[in-house]
Amino acid sequence: MVGSLLEGKTVKVGHDLKKEMILLKKQGVELAEPMFDTMVASYLINPVRSEQTLEAIALEFLGKNVIEQLSGVRDEKSRIDYVCHAAEAIFELKEILSGRLRDEGLEELFYNVEMPLVRVLSDVEMNGVRVDRDFLNEMSKEVDSDLQELMSKIYSLAGQEFNINSPKQLSEVLFEKLKLPAIKKTKTGYSTDVEVLQQLSAIHELPAEILTYRTLSKLKSTYIDSLPSMINPETGRVHTSLNQTVTATGRLSSSEPNLQNIPIRTELGRRIREAFTAEPGNLILSADYSQIELRVMAHMSEDPILIESFKKGEDIHARTAAEVFGIMPGLVTSEMRRMAKVVNFGIIYGMSPFGLSKDLGISQKDAKRYIDSYFEHYKGVSSFIEKTILEAKEKGYVRTLLGRKRPIPELSGKEVALRQFGERTAVNTPIQGTAADIIKLAMINISKRLKKEDLKSLMILQVHDELVFEVPEGELEIMKLLVCEEMEGVMELKVPLKVDIGVGKNWSEAH
DNA sequence: CACTAGTGCAA
DNA sequence: TATTGCACTAGTG
């Protein structure tokens, strides 16, 4: 099966191995232990990506030739054999690596969270998610006719035919032929990104049409047309890879296909989610943590207003608006709430007045006033940020609540921009990473309960603060309770963790 | 086929 | 001059 895929291409060992495993499982074969070991072993190389030294040790021990030889192994069986031998070799590293884990204070995180999670993720990947091929194919036709129409309109506005998908050709049309003002530069020429095109829309018809074209063509090529081709013929489902050792903060990443960036914001985007369906007799259950990063920040900063606000179950963005604008909560308009929401996110990312002003379309001066006002009211957050940066500079790293460690070498550099980047990283990582710790632990606990209570429900996706399940109708009520209980009760913070649950025939309805 | 640049989707 | 990702197309070698 795999052999034919390999001719003249780079082998993706993990991915092709997984196809084998899915097939074997379908056939009722117990998964060969060496295969599972391979996954564990590959994880042992690099349990936490920030631990660069672990990677260095593994590379030194195994040498680069492992990777090189793997890509040279064409035959399916010998490739699996080879990987298994590699796994053995990797296990010899265990002693060195466990010493490192101990020295870095990462043992608990590794053995209680990351290792148990390996099996959970493997299950989620194997379960896969059902995708409605016919539905997407139908949508593809519709979008295609819209695109055709847009295309001829664009050509006539431009006075010529060209490849709209080529930023290079597009910038020739916009900035040379039509002589529109160039607003922003890239490394290689003038930018044609959404921000530029929006501004140009005010003076010419063409840019707005391009924007619509871009949106449609993006959704069509990345999701509508590509997802059906990712459906595994053996299972009729899509099996993503949930990568455990990729991100710097401890989040998972998803690839082949990436199911963590399925659209939701636009109308058409939401329709794409309708293609993620449950088998007849089943339902999709989606459970997401409400404002988990702000709650984590409340916990870590111990800010009294944030804590009180979450304890009372207030609308957190509305409360921020009331604080920042200095008005009674009852007088907060939806526009003010929207701005406060942007401010709240900005705080977590370490946004500057410049960035905030750009995002809200206000002056930098006003943006600075909002930020100052925020820190004036949320003194705990302000001192948390200062303290975190200071400590990161002293130690050279930051940690999440469960001890996950990220070195921040940028902080000791001499370039100002780089150092500032390090400061934002120092603040953001403990927050984003703690949220990741929390949901990982919840996944493990839910998985245990599913097994213990012999439930047929399947965990099928994780999207950073959301877990998605496929649930037999008869298990719906018990699952709602179970998932909520495990996610909210996974650990005790200074503020409650809140989970919102939705149910539907598909992923869109479940939101 | 492998790689980079520009762009844009998600939390 | 906002955090973390993945992947598409065009273009080059």
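This is a predicted model: local features need pLDDT of at least 70, side-chain atom pairs count only at pLDDT 80 or more; totals for chains, interfaces and linings use all residues.
Biologist: What makes a backbone N or O atom of Glu256 part of a polar contact with DNA strand C?

Modeller: A polar contact is a pair of N or O atoms within 3.5 Å (within protein, one must be able to donate a hydrogen and the other to accept it, and residues adjacent in sequence count only if both atoms are side-chain atoms). Residues are numbered from 1 along each chain as its sequence is written, chains are lettered from A and ligands numbered from 1 in the order in which they are written, and side-chain values use heavy atoms, with hydrogens and water left out.

Biologist: Which atom of DNA strand C does a polar side-chain atom of Asp359 lie 2.3 Å from?

Modeller: That atom is a base nitrogen, whereas a polar side-chain atom of Asn258 lies 2.8 Å from a sugar or linking oxygen of the DNA strand. The elements giving two or more residues to the surface near DNA strand C (near meaning a heavy atom within 4 Å) include helix H12 (206-224), helix H18 (353-360) and helix H21 (416-452); helices (H or I, at least four residues) and strands (E, at least two) are DSSP runs, numbered from the N terminus. H21 gives the most, with four residues.

Biologist: Why are H9 and H12 called roughly antiparallel?

Modeller: The axes of helix H9 (residues 133-158) and H12 come within 9 Å and cross at roughly 155°, where axes are lines fitted to C-alpha atoms, for helices over the stretch in contact, and angles run from 0 to 180 degrees between N-to-C directions. Angles under 35 degrees count as roughly parallel, over 145 as roughly antiparallel, 65 to 115 as roughly perpendicular and the rest as oblique, and H9 and H12 are therefore roughly antiparallel.

Biologist: What makes H14 roughly perpendicular to H21?

Modeller: Helix H14 (residues 292-301) and H21 pack at an angle of about 110°, with their axes 9 Å apart, and because 65 to 115 degrees is the perpendicular range, H14 is roughly perpendicular to H21.
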